[in-house]
Amino acid sequence: MEDDSRFESFVADRADALLRYGYVLSGNAHDAADLTQEALIRLHRAWPRVRRKQDPEAYTRTIMARLHISVWRRRRREHLFGELPGGPGDVRHDLLPSEAEQGLWEALKGLPRKQRAVLVLRYYEDLADEEIARVLGISRGTVRSHASLGLGKLRSALSDDRRKSEEGVS
């Protein structure tokens with residue numbers, strides 16, 4: 001019983017942060033909710049072991065990253081949406097990127113999934129290359145390659161957007 005109350009407390013405290021993390025990984029509020037829900041289900045199954053030996057939030061984020069990546073292995077196409085779904089209550093807007101972050105978000109959505117996952121883990125989660133490699137099941141060199149390529153594409157996309165906006169203002 002005590003384990004269940006601790007799990008419920010963890011979910012109450014960290015669910016919003018995990019949902020934001022899922023949104024950053026997936027680029028879609030509905031996929032973020034699915035990732036979060038599935039990760040919490042898996043965490044619940046492993047709760048007694050995880051609570052004693054590991055940080056439950058890090059474990060959950062690792063589950064979410066691996067679930068997101070498993071889509072690559074199934075070779076399913078991803079459909080990112082630029083607009084939020086309509087209807088009140090569909091999405092908690094306080095969990096989504098701010099207006100100031102929208103340009104970066106649009107550029108991030110344009111990256112391939114692996115590059116985006118590496119950048120999210122490196123800059124959002126502040127993980128080292130070794131940890132990213134372990135989470136994603138790839139080599140450190142591949143992590144560095146994806147990070148370099150992804151950052152180059154982001155810089156290019158953001159400078160193109162800046163140039164276009166300056167030309168439109170002139």
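This is a predicted model: local features need pLDDT of at least 70, side-chain atom pairs count only at pLDDT 80 or more; totals for chains, interfaces and linings use all residues.
Rings of Phe, Tyr and Trp count as a pair if their centres lie within 6.5 Å, taking the six-membered ring for Trp.

**Entry: the whole structure**
I searched the whole structure for aromatic pairs and got three. One of them is Phe10 with Trp47, with ring centres 5.8 Å apart and 40 degrees between the planes, so I wrote it down as tilted, since stacked needs under 30 degrees and edge-to-face over 60. Where do Phe10 and Trp47 sit? Phe10 is in helix α1 (residues 2-26) and Trp47 is in helix α2 (residues 29-53), so this pair ties together parts 37 residues apart in sequence.

**Entry: buried or exposed?**
I checked both partners. Phe10 is buried, at 11% relative accessible area. Trp47 is buried too, at 4%.

**Entry: the tyrosines**
Next I looked at Tyr21 and Tyr124. Their ring centres are 6.1 Å apart and their planes meet at 15 degrees, so I put this pair down as stacked. Tyr21 belongs to helix α1, while Tyr124 belongs to helix α5 (residues 113-124), so the pair links distant parts of the chain, 103 residues apart. Is each tyrosine buried or exposed? Tyr21 is buried, with a relative accessible area of 0%. Tyr124 is partly exposed, at 38%.

Terms used: Residues are numbered from 1 along each chain as its sequence is written. Side-chain values use heavy atoms; hydrogens and water are left out. Helices (H or I, at least four residues) and strands (E, at least two) are DSSP runs, numbered from the N terminus. Buried means under 20% relative accessible area, exposed over 50%, partly exposed in between (1.4 Å probe, protein chains only).
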